[in-house]
Amino acid sequence: MSVRIDVRVDQNLKKRIECIANETNKSFPDCVRELLEIGVYVKEKQLNPEEDNKENWEEFYQNA
């Protein structure tokens, strides 16, 4: 089941997300969901113990 999250962002960030959505042929809400999922994934990787971080950052930069 989906939940709703209301977030306020500045106009610049909204325009940047809209550009990404247009470039990837996704709707704005779908693009926001994908960006949140990617951001949470990256943040979880950053929070892993230090010995795992080097490998995680290398993976992140390869995918970026």
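Helices (H or I, at least four residues) and strands (E, at least two) are DSSP runs, numbered from the N terminus. The model is predicted, so that local features need pLDDT of at least 70 and side-chain atom pairs count only at pLDDT 80 or more, while totals for chains, interfaces and linings use all residues. Residues are numbered from 1 along each chain as its sequence is written, and side-chain values use heavy atoms, without hydrogens and water.

**Exercise 1.** State which elements the chain has, and in what order.

*Solution.* The chain has three helices and zero strands. From the N terminus on, the order is α-α-α.

**Exercise 2.** Check the span of helix 1 and describe the residue N25 that follows.

*Solution.* The expected span is 1.5 Å times one less than the number of residues. Helix 1 has 13 residues and should therefore span 18 Å. Its end C-alpha atoms are 18 Å apart, which agrees. After helix 1 comes N25, with a positive phi near 55 degrees.

**Exercise 3.** Determine what share of the chain is buried.

*Solution.* Buried means under 20% relative accessible area (1.4 Å probe, protein chains only). Of the 64 residues in the chain, 9% are buried.

**Exercise 4.** Describe the lining of the largest pocket by element and by residue class.

*Solution.* A pocket is an open set of points on a 1 Å grid over the protein atoms alone, where a 1.4 Å probe fits, with protein on both sides within 12 Å along at least five of seven lines; lining residues have an atom within 4 Å of a point. Helix 2 gives the largest share of this lining, seven residues. By class, the lining has eleven nonpolar residues (Ala, Val, Leu, Ile, Met, Phe, Trp, Tyr, Cys and Pro), five charged (Asp, Glu, Lys and Arg) and one polar (the others, Gly among them).

How values were computed:
Buried < 20%, exposed > 50% of the residue type's maximum accessible area, 1.4 Å probe, protein only.
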